[in-house]
Amino acid sequence: MSNAPELILRNGRIATLDTHKPFAQAVAIAGGRFVAVGDDAEVMRLKTDATKVVDLQGRTAVPGLNDSHLHLIRGGLNYNMELRWDGVPSLADALRMLKEQARRTPPPQWVRVVGGWNEFQFAERRLPTLAEINAAAPETPVFILHLYDSALLNAAALRACGYTKDTPNPPGGEIQRGKNGEPTGLLIARPNASILYSTLAKGPKLPPEFQENSTRHFMREMNRLGITSAIDAGGGFQNYPEDYQVVDALHKKGEMTVRIAYNLFTQRPKHEFDDFSKWVAMTKPGAGDDLYRVNGAGEMLVFSAADFEDFLEPRPDLPDTLEDELHKVVKLLAEHRWPFRIHATYNESITRFLDVFERVDREVPFDGLRWFFDHAETIDERNLERVKALQGGIAVQHRMAYQGEYFIDRYGAEAVAHSPPFKKMLAMGVPVGAGTDATRVASYNPWVALYWLTAGKTVGGATLYPEANRLDRTEALRRYTHGSAWFSGEEDSKGLVAPGYLADLAVLSDDYFSVPEEQIKGIESVLTILGGRPVYARDEFRDLDPPVLPVMPDWSPVKFYGGYYSAAASSAVVQRACCSPSPSRLHAWLHKLGGAFDGPRGFGLGCDCFAF
C-alpha cells in the first residue's frame with residue numbers, strides 16, 4: 001500500500017491542537033507526514049512488516065514547536081563560542097563557569113556571554129561586578145552582554161578592542177569612563193545597540209568547518225527543547241548571502257534538524273532600498289523547500305524606523321525621514337509581493353508605521369500580502385484595529401520575561417498589565433505567533449516563553465499580567481505551533497498533528513498540561529521527530545538518538561556546559577537566599593554613590609540588602 005506507514009508512535013497522550021480531535025493515542029507517519037491520527041487500535045491496523053513502532057509509554061506529546069522570531073542562523077555560527085548563562089540559578093555558578101572557561105580558552109579567542117539571562121534569575125539578585133569579572137579572567141578577553149542595554153568587558157577585552165582613554169564614543173553608544181578618563185569596561189547602548197553589535201563583532205570568528213559544527217549543535221539544542229521550526233529574523237552583522245553559506249551547505253548535505261524560513265535584514269543605513277532592490281531580483285519568497293526557504297523581508301526594513309527597546313532609557317524619538325524611507329521600501333516589497341516583518345516596540349512608532357503601510361496599500365493594494373509586527377509590547381486597541389484592517393499579524397516574544405522589572409520601574413504596573421495585549425489581539429482575530437527573539441536579549445528556551453504566556457511572570461518571578469491577559473496552556477501552545485505557522489504561510493502544513501501535516505512532534509519530559517506552572521520552565525523533549533525521523537532522543541528512547549557529533553573546537557563552552565542550564569545536571573547547587581532588588585532602589589543607591597553610573601543599571605552593586 002502506497003500509504004504504508006514507516007513509523008507509528010503509540011500509547012501516548014498526543015495533543016494534536018486539531019479542534020476536531022484534540023487528543024490522540026497514536027499517529028502513523030509516511031513520506032514525512034502524518035497519515036493517521038487516532039487511538040492505538042485504529043492506527044495499529046495500518047502497520048506492515050516494514051513499519052517501526054515506538055511505544056511512548058503514556059508520555060505527553062505536542063506538535064513540534066515553531067519559534068516565530070529566532071536569530072537561529074546567526075546564533076548557529078557563534079553558538080560553540082558562547083558561554084550561556086541562560087537559566088543558571090546563581091551568580092556564584094555563573095562566575096565559576098566564567099573562570100573555568102577563561103582558563104581553557106586559548107588566545108586570541110574571547111569568552112562571550114551573549115544574552116539570554118538577567119540578574120533577577122540569580123539567587124543573589126544582582127549583576128556581576130567588573131572586579132569579579134577581572135578576577136575570574138585576568139588575561140582572557142571577556143564580553144558579557146546584558147539584554148540590549150549594556151555590556152561588561154574585562155581589562156583584557158578593552159585591550160583587544162583597542163578602547164583607551166583617547167577612544168571617542170561611537171555613534172549610538174557610550175564607553176563609560178572613570179575619574180581618570182580610562183574606560184571602566186561598561187559599554188552603554190544609548191540610544192541604540194550599535195556599540196554592542198560593533199564591539200562583539202571585533203572578536204575572532206570560527207572557521208567555516210567549526211561554524212558548520214556549531215550550527216548543527218545549536219540545532220540539536222533546539223531539538224532538545226522540542227523545537228522543529230523557526231522563522232529566522234535576520235540580524236545585525238548577518239549579511240546575505242555570505243552569512244547563509246553554512247546553513248546552505250548543511251541543507252544540501254541533509255544535515256538540518258530544524259526547519260528554517262528566513263527573512264532578509266538590511267545592513268546598510270541609507271542604502272536599504274538598494275539592498276532590497278538587489279534581493280528581489282536574486283530570489284523570491286517561498287524559494288527553497290519545507291526545510292529551508294525564503295520568507296520575506298525584515299525585521300529591519302529601514303534604520304530610521306528602528307525603535308530600539310531599552311526600558312532603562314526613555315523611548316527613542318524616530319527621525320523625520322522615517323516615513324519617506326519606509327514608504328519607498330515597503331512599496332517596492334508590495335510591488336514584488338514580498339511578505340515583510342518589522343521590529344516595533346512602542347505604540348508611537350507603530351502609529352507612524354501604519355500610516356506608511358496604509359499609504360502604500362492605497363497605491364499598491366496589499367490584498368492578502370503577509371506582513372506583521374514583531375514585539376508590539378505597547379500597541380493600543382486603535383492600532384490593533386488598523387493591523388486587522390490591513391490583514392497583518394503580530395509575532396510576540398518573551399522579552400518582557402527578561403525586561404519586565406525595568407518596564408515596571410519606568411512605566412508602572414498598570415501599563416505592564418497589557419504589554420503586549422495578547423487576549424485583545426486574539427479576541428479581535430489578529431494572527432498571533434509566539435517566539436523568543438533569542439539569542440541575545442532573551443533565551444531561546446520555548447518553555448520559558450510558554451511559562452511567561454501562561455503564568456504572566458518574569459524569569460525573576462515578578463508578576464506582569466493579570467489573569468485577564470494570560471493565555472491558558474492550550475492556547476499558548478497553539479501560538480507556538482500552528483499560530484506561528486501563519487507567519488511563514490505554512491498554516492496548512494505545519495503546527496497540527498493531523499493527516500497531511502508535516503510529521504514534526506516532541507515527546508515531553510513532563511506533562512505540560514498538568515505540572516505546576518513553575519515547572520513549565522524545566523520541560524524538555526525526550527524524543528523529537530522531524531518529518532518522521534528522530535533528530536533527538538534520550539532516556540527510554542535513547543536508542544533512537546542519532547550519533548552525537550563531537551564539539552568543535554575542543555575548548556568550546558558547549559562541550560563542558562551545554563546550552564540552556566539543566567537543573568538535573570546541577571542538582572547539588574545550593575540555592576542562596578537574598579532579598580530582591582528593584583531598579584528604583586538600585587538607582588537610589590547609585591545616586592548615593594555620587595551618580596557615577598547614569599541610570600538604574602545596577603552593575604557592581606551587590607544585592608539590595610545593603611542599608612542606605
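**The cavity**

The structure holds 1 cavity of 30 Å³ or more. For this search, a 1 Å grid is laid over the protein atoms alone, and a cavity is a set of points where a 1.4 Å probe fits but cannot get out. Grid points are joined across faces, edges and corners, and a volume is the space filled by probe spheres set on the points. The largest cavity has a volume of about 30 Å³. To find this cavity, select Pro63, Gly64, Lys494, Gly495, Leu496, Leu502 and Asp504, which line it; a lining residue has an atom within 4 Å of a point. By class, this lining has 3 nonpolar, 2 polar and 2 charged residues. Ala, Val, Leu, Ile, Met, Phe, Trp, Tyr, Cys and Pro count as nonpolar, Asp, Glu, Lys and Arg as charged, and the others, Gly among them, as polar.

This is a predicted model: local features need pLDDT of at least 70, side-chain atom pairs count only at pLDDT 80 or more, and totals for chains, interfaces and linings use all residues. Residues are numbered from 1 along each chain as its sequence is written, and side-chain values use heavy atoms, with hydrogens and water left out.

**The largest pocket**

Next, select Asn192, Tyr197, Met300, Phe303 and Ala306, which lie nearest the centre of the largest pocket among its 37 lining residues. A pocket is an open set of grid points with protein on both sides within 12 Å along at least five of seven lines. About 800 Å³ of space lies in the largest pocket.

Now show helix H6 (194-200) and strand E17 (340-344), each of which supplies at least two residues of the pocket lining. Helices (H or I, at least four residues) and strands (E, at least two) are DSSP runs, numbered from the N terminus. H6 gives the most to the lining, with 3 residues. Colour the lining by class: 19 residues are nonpolar, 11 polar and 7 charged.

**Strand E14 and its neighbours**

Move to strand E14 (residues 227-232), where 6 of its 6 residues are buried. Buried means under 20% relative accessible area, exposed over 50%, and partly exposed in between (1.4 Å probe, protein chains only). Asp67 has Ala230 in E14 as its bridge partner.

**A four-stranded sheet**

Which strands make up the open sheet of 4 strands? The order is E5-E4-E1-E6, with mixed pairing. The edge strands are strand E5 (33-38) and E6, each pairing on one side only. Neighbouring strands of this sheet are turned by 20° against each other on average, direction ignored; axes are lines fitted to C-alpha atoms, for helices over the stretch in contact, and angles run from 0 to 180 degrees between N-to-C directions. Zoom in on strand E4 (residues 26-30) and E5, which pair in the antiparallel sense over 5 bridges. Ile29 has Phe34 in E5 as its bridge partner.

**Salt bridges**

A salt bridge is a side-chain nitrogen of Lys or Arg within 4 Å of a carboxyl oxygen of Asp or Glu. By this rule the count comes to 43 salt bridges.

Begin with Arg59 and Glu540, whose closest N and O atoms are 2.6 Å apart. This pair links distant parts of the chain, 481 residues apart: Arg59 is in the loop between strand E6 (52-55) and strand E7 (60-63), Glu540 in the loop between strand E23 (533-537) and helix H19 (557-561). Glu540 is partly exposed, at 33% relative accessibility.

Select Arg386 and Asp355 next; their closest N and O atoms are 2.7 Å apart. Arg386 is in helix H12 (residues 381-389) and Asp355 in helix H11 (residues 347-363), 31 residues apart. Arg386 is buried, with a relative accessible area of 8%, whereas Asp355 is partly exposed at 40%.

Stay on H11 for Glu363 and Arg359, which lie 4 residues apart, about one turn of the helix. The closest N and O atoms of this salt bridge are 3.6 Å apart. Glu363 is partly exposed at 38%, and Arg359 is partly exposed at 33%.

For the last stop, select Glu221, Arg224, Glu524, Arg538 and Asp539, which are linked in a network of salt bridges.

Methods: Two strands pair if DSSP finds at least two bridges between them.
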